[in-house]
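Here is my notebook from an afternoon with this model.

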Amino acid sequence: MFTAVTIAVLVAMALALFRAYAGPTLYDRILAVNVFGTKTVLLIAIVGFLMGRPEFLDIAMVYALMNFITVIGILRFFEYSSPGKSANSETVKD
Amino acid sequence: MESFVHVVIILMLVTTAIAIVRVKDLFAVTMLAGIYGLLSASFFVLMDAHDVAFTEAAVGAGISTLLVLTTLSMTGRFEKASVKPQADYRPVLALVLVTVTGALLIYGTQDMPGFGTADAPVQTHVVPRYLNDSATEIGIPNVVASILASYRGYDTFGEVVVIFTAGIGVLAMVMSNATKMPVVQTALMSDHVVLRIVSKMLIPLIMLFALYVQFHGEYGPGGGFQAGVIFASAFILYAMLFGLTAARNVVNHTLVQLLSALGVLLYGSVGVVAMINGGNFLDYNFLSDDPVAGQMLGILLVELGVGITVASVMIIIFFTFTARSQKEGEAD
Amino acid sequence: MEFLGLFNYWVVIVLMMIGFYIVICSNNLIKKLIGLTIFQTSVFIMYISMGKITGGTAPVLADGITLYSNPLTHVLILTAIVVGIATTALGLAIVVRIHESYGTVEEDDIHAKDKQA
Amino acid sequence: MSIVATYLSWALLVIGGLLCISGSVGLLRFPDFFTRMHAASVTDTLATGMILAGLMLQAPTWIVLAKLIMILVFVLLTGPTAGHALAKAALHSGLKPLLPGKSGVLEADTKPSGGV
């Protein structure tokens, strides 16, 4: 049963990865990274049970923490580079 | 099942790396690099390297993303599309070089022992001794911590000095009288009330967690390196939400600089004390009458030194970068 | 587990070469640094996967467990990661200075400005 | 562990896994940022809660249980906060949600400013 959940989480990660690549807006990318981070927390927790040594869950904590800090850092980055300029006027060139 | 997860994660790593090559928006590149960090950390968990995963999660996905973003805010977001004619053949040449090198390396892997074999040379040299004797010689369950701080204490000392030097280097490069600079932007993310309140609740939790990681490192994954990064991230979070000036009021710039040196000094002093007591440099057996107690004490102090240095260097690096980017913002 | 035998190393090489390609081919200094990070991470992955023993578990001693993965590679890579971020920070600091002096972080433009001077 | 706890745990895990996938499909398929965000963050919180609760029922020792609870509290605090901040930042930067226009067809409120 852990297997099924692991596969579900992996599928979710792959979809989020695609969204991070495809964009189109930068907020989509931030959202995708956030979702990816949460799914990684779950994956670590489940893999711990799957491999029979679930006592190392501290790592999942760090993931949740870093996920939060990264999202805030990104938002702050856009406040700095004056959002009116960076968020609207430029268009994706790739 | 483990090998299935292994293959999927490895394939996702390759996909992310290729996506990084193709995307021109440097912001998106940074996001993908963050995902790459998360993925490699999950891979380390699968490979039983919990300590490494711990560090990579804090560093690769967290701090380095923030640093790159701060730099991007100074240098601009888009990679310039090259218009020169010489740019046409360059990717082809590079691709040929890369393919040839890769093919040679793959040819070289023919002699490598298969994945997961227990009798590979890596597993038979030195390591059995560490695994068998660590429990009686050092007396702590986490073998990674005992190798890091005791058996290979010299190495770690060197690494700590490298980190300290990098901190000095960053200061020398981009400091720009950052200490005296009047920072105007204090009410930075003032409209994010929810964010501020939740973060205020979280910051003490993060620090507590960092202390747990620091002092629990002998019994589970953790230790000075990880705890230092986590501890620094609490201050970074504070600085991001309440402005650099407020954060500087909490952790004085001079104090952090002193602390970063103090950590290295603490590490070195432990070694010197061991020498004074009649042993070799960093031979913790001589720190106490009972060798095992000496080892425990030595590892505790050394990890503390590592933690202090790593935390303060990370704070220094982040604060100097932020101060620089704010200065640039005002110049515009 | 058999087919994983060398596959793991091949993927490491592919990742390493992707990082290498970015370092050579990208014009932007920040992207070059990210390429360097990918290269670096591929080395980490190689070390860590060399230390894994099939059926082994994390090297934290516990009763009733006899087979542990290699702790030595973990130690080497653990310190390498933190040193890696420190050097990346130094590289970014240099990029910031270059941007201040030249007004650009594109390699071509920097060379062009150097020739003019 | 009693048989009820086992079945409950499996049920929670399976529902959590399904929510995971459905949220991510929403993230992939929905037309604009705000709908994607709705799909992703709502299911994210619920799925995380369910999977962690399912794991809690299987926890072998109390320390594992305590750590799982810590993670759950942490995720429940940070997830919605990050989502809220993200949506707010997106709205402030001028990204407009798709709204039903006069013809009843979804259309962007202003000129499509989504090209960020």
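This is a predicted model: local features need pLDDT of at least 70, side-chain atom pairs count only at pLDDT 80 or more; totals for chains, interfaces and linings use all residues.

**Entry 1**

I began with L282(B), which sits in the loop between α12 (253-276) and α13 (291-331) of chain B. Helices here are DSSP runs of H or I with at least four residues, strands are runs of E with at least two, and both are numbered from the N terminus. Residues are numbered from 1 along each chain as its sequence is written, while chains are lettered from A and ligands numbered from 1 in the order in which they are written.

Most residues other than glycine have a negative phi. I found that L282(B), not a glycine, has a positive phi near 65°. Is L282(B) buried or exposed? L282(B) is buried, with 22 other C-beta atoms within 10 Å. My cut-offs: buried takes 20 or more other C-beta atoms within 10 Å of the residue's own, exposed takes 12 or fewer, partly exposed lies in between, and C-beta atoms are placed from the backbone.

I then looked up V126(B), another non-glycine residue with a positive phi, about 50°. V126(B) lies in the loop between α5 and α6 of chain B. With 13 C-beta neighbours inside 10 Å, V126(B) counts as partly exposed.

**Entry 2: helix α6 of chain B**

Which residues of α6 (residues 127-137) of chain B are buried? I listed V127(B), Y130(B), L131(B) and S134(B). They share one side of α6(B), because they cover an arc of only 95° around the axis; the arc is that of the directions from the helix axis to the C-beta atoms. On the face turned away from that buried side I noted the exposed residues P128(B), R129(B), N132(B), D133(B) and T136(B).

The cover over the buried residues includes α5 (121-124) and α7 (143-151) of chain B, together with α3 (71-102) of chain C. Contact means that the C-beta atoms of two residues, placed from the backbone, lie within 7 Å. After α6(B) comes G139(B), with a positive phi near 85°.

**Entry 3: chain C against chain B**

I counted 72 residues from chain C and 83 residues from chain B in this contact. On the chain C side, α1 (4-25), α2 (29-51) and α3 each supply at least two residues. The largest share, 24 residues, comes from α3(C). By class, that side has 48 nonpolar, 19 polar and five charged residues. For the classes, Ala, Val, Leu, Ile, Met, Phe, Trp, Tyr, Cys and Pro are nonpolar, Asp, Glu, Lys and Arg are charged, and the others, Gly among them, are polar.

R97(C) is in helix α3 of chain C. Leaving aside neighbours within four places in sequence, R97(C) is in contact with M173(B) and V174(B). R97(C) counts as partly exposed, with 13 C-beta neighbours inside 10 Å.

**Entry 4: two helix pairs**

How do α3 (residues 50-75) of chain B and α2(C) cross? Their axes come within 12 Å and cross at roughly 175°. Axes are lines fitted to C-alpha atoms, for helices over the stretch in contact, and angles run from 0 to 180 degrees between N-to-C directions. That angle makes α3(B) roughly antiparallel to α2(C); angles over 145 degrees count as roughly antiparallel, under 35 as roughly parallel, 65 to 115 as roughly perpendicular and the rest as oblique. V52(B), S64(B), V68(B), T71(B), L72(B) and T75(B) meet I30(C), T37(C) and I48(C) there.

The contact of α1(A) with α1(B) has nine nonpolar, three polar and no charged residues.

**Entry 5: chain A and chain D**

Chain A has four helices and zero strands. Of its 94 residues, 69% are buried. I also checked its neighbour: 47 residues of chain D are in contact with 45 residues of chain A. The largest share of the chain D side, 16 residues, comes from α3(D).
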